[in-house]
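Open the model in your viewer and keep the sequence beside it. The tour below goes from one selection to the next and says what is found at each stop.

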Amino acid sequence: MAQIALLIGDELTASTQNVTKILDLFGIAWQLLDQGALVGSADASIPRPYSVVCPISVAGRVLMNSSASAFSPLLNKAESTFFYGADRSDATSELLSHLIGSEILKLVEIPQGDVLCKISDRYGKECGPMSGLHVPVTLRSPQVAIASTSAAGVVAPLISTGDACVFGAVDLDAVRYYLSLGATVIDIDDPVGKGYFDISEHFLEAVPLVMYLKHSFAGIAPAAVERGACLIIDDPVLRPRYGFVNFKKLAATAVERDFSCNIAFIPWNWRRSAPSVIELFKEHSDRLSLSVHGCDHSSLEFAGSNAMIINRQATLANTRMGCHRKRTGLAHDALMVFPQGAFSSVSLRVLKHNGFVAAVNTEVSPTGSPSLTQIRDTWGMAILKYGDFPIYTRRYTFHGLHNLIFDVLLGKPCLLVTHHTDFSNDSSELLEFIDRLNALKLELKWRSLGGVIRRAYQHWFAGGNRHVRMFGNEVIVENAGWDPQHVIVEKSERVTGSVARVELAGRQVKFGSTDNSLRFEFDLRPEESALARVCFTEMCGEPVGKKGLGGQAKVAARRYASELRDELHARAPLIYKQAEKARRWIHASMAAAH
Ligand SMILES: [Zn+2]
């Protein structure tokens, strides 16, 4: 397994820089070598084992300008080489002819626009979780590719579109060379640009390189401990039926079709849970769980900039969920799902200091700042940009299986969001999606949402120790091996003095802070597991202000109206349609009057 990536080039060009950003993000060491290394003698000081990452044009030009008929020992001794960035130049033809053979190489051009890329299911080692997927891709410019029929038997087609191979592998002198023909490499510093990261828009500039790095540096780079999964339904009140959701049926289906389900529970409903539904949750605690969905579920309640007001809502949400637990005996996970996905950077700091473990959200940028979150933020286990409080991202089924599986390739948990309407027509579309997900044999661990998030951390082994990088405020670390482990945990924490204490299995442990990160250590015996918790100081003090009676009445009116709408939708669709029409008409008339 390679320990370091050797980049080839006389300088860090824009595309090489983009590669280094991804290597840094994945925690892979790299070194830049000038292009002479491709034909010169191998430098004895190069650390081994290594892989080579090189632009196609650089290697092609070196071959064109050199009298040598083959590459240097540097490539022959590499674990593998990744060539990237093809164009219509002579340098591209030279390199590809050298590897494939000029007599069989035939290049074709795929016009810009929408194409379907097929990831092979025959190379599971390289393609990993994405094996066998068909992905709709938008090409923003024409793309050079290798005609598959001409190169059959020489190029292993890892990704193809139509009759053309856009990512392939060639074996030469016992070394595997990967050819990624996508013209550019994604810049992960770019803003996400819309509500969620969409791999369809960056497919060729991202997927081949990510698949290659995840496969070539597995076991070296920090990696997820497991592939956790959970389906989240926003809003339902816990009564036997809510809109199209029938809880008894949901529990039975979760067992039968093998998935877990979390209800994003609105704390305002804390007095309204039916005992029969509570019993279902207790009986199926491995399948059904609760998280926190806002407080009153009023729009923008966690999207403002006033920390005091947000603190009041966060405290009230906690109090109501505590009352719900006392009343029903059903525990919930201290995870926040923002109503309508709306949040501000201030709200994340407030939640951190109110005992929440993490946020789980569909929207990736704060409300009003749609460009603030960069692609790199969404490629991490969780977005940590805002107050070092993690936002784990979740996806709608319309984002497509490919986006969810790309998340899994990146090492993120597999989190799906739904609403009660997805359970109409016997939930057929949703269940079909889950069946397709389970059929991919990704070894998904369907757990309670809290169980997924507490295990959504990275780990790696170095210097005889196990290193853990935690994101949420709690982690469960398990030693599944036969030997004792010394565990060193680190957590990004850029505000000094914000940590009150660190607990391990309920007991306080020593912690230190260096380089904007918190660090603590402990030992685990074989088959032992421990819950580690970081507790934060109070930030806002006692919550101030209270909603007046008028405000409370408005919240109640809104909640009942929303529920009535959901019930009408499920049980009287014709009346619902008419009511929706009337609502839209009133909205339009009011807008026209202003
Ligand atoms: Zn909601």
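Start by selecting I110, which stands opposite Q143 in β8. Residue numbers count from 1 along each chain, in the order in which its sequence is written. The model is predicted: local features need pLDDT of at least 70, side-chain atom pairs count only at pLDDT 80 or more, and totals for chains, interfaces and linings use all residues.

**Strand β8 and its partners**

Select β5 (residues 107-110) together with β8: the two pair in the antiparallel sense over four bridges. Two strands are said to pair if DSSP finds at least two bridges between them. Look for A147, whose bridge partner in β10 is A164. Four of the five residues of β8 are buried, so β8 is largely enclosed by the rest of the structure. Here a residue is buried if 20 or more other C-beta atoms lie within 10 Å of its own, exposed if 12 or fewer, and partly exposed in between, with C-beta atoms placed from the backbone.

**Helix α4**

Next select residues 90-100, helix α4. How many of its 11 residues are buried? The count is eight, and the helix is mostly covered. Colour A91, T92, E94, L95, L96, H98, L99 and I100 to see the buried ones. The elements that cover them include α2 (56-65), β4 (80-84), β8 (143-147), α6 (148-151), β10 (164-172) and β11 (175-180). Just after α4, stop at G101, which takes a positive phi of about 105°.

**V185**

Move to V185, in the loop between β11 and α7 (203-216). V185 counts as buried, with 25 C-beta neighbours inside 10 Å. Leaving out residues up to four places away in sequence, V185 touches S15, N18, V19, Y84, E205 and L209. Contact means that the C-beta atoms of two residues, placed from the backbone, lie within 7 Å. Draw a distance from V185 to L204 as well: they are 19 residues apart in sequence and 8.0 Å apart in space, C-alpha to C-alpha.

**Helices α10 and α11**

Select α10 (residues 307-328) and α11 (residues 345-352), which pack at an angle of about 50° with their axes 9 Å apart. That angle makes α10 oblique to α11. Oblique covers what remains once angles under 35 degrees are called roughly parallel, over 145 roughly antiparallel and 65 to 115 roughly perpendicular. The axes are lines fitted to C-alpha atoms, for helices over the stretch in contact, and angles run from 0 to 180 degrees between N-to-C directions. To see the contact, show A307, I310, N311 and A314 in α10, which meet V346, S347, V350 and L351 in α11.

**Two loop residues with positive phi**

Most residues other than glycine have a negative phi. Q340, in the loop between β18 (335-336) and α11, has a positive phi near 55°. D388, in the loop between α12 (375-379) and β20 (391-393), also has a positive phi, of about 55°. D388 is buried, with 20 other C-beta atoms within 10 Å.

For the next stop, select six strands in the order β12-β23-β24-β26-β30-β29, which form an open sheet with mixed pairing. Its edge strands, each pairing on one side only, are β12 (223-224) and β29 (512-514). Within this sheet, zoom in on β23 (residues 458-462) and β24 (residues 465-470), which run antiparallel and are joined by five bridges. A462 stands opposite N465 in β24.

Five bridges join β27 (residues 499-504) to β31 (residues 529-536), and the two run antiparallel. End at V502, whose bridge partner in β31 is V534.
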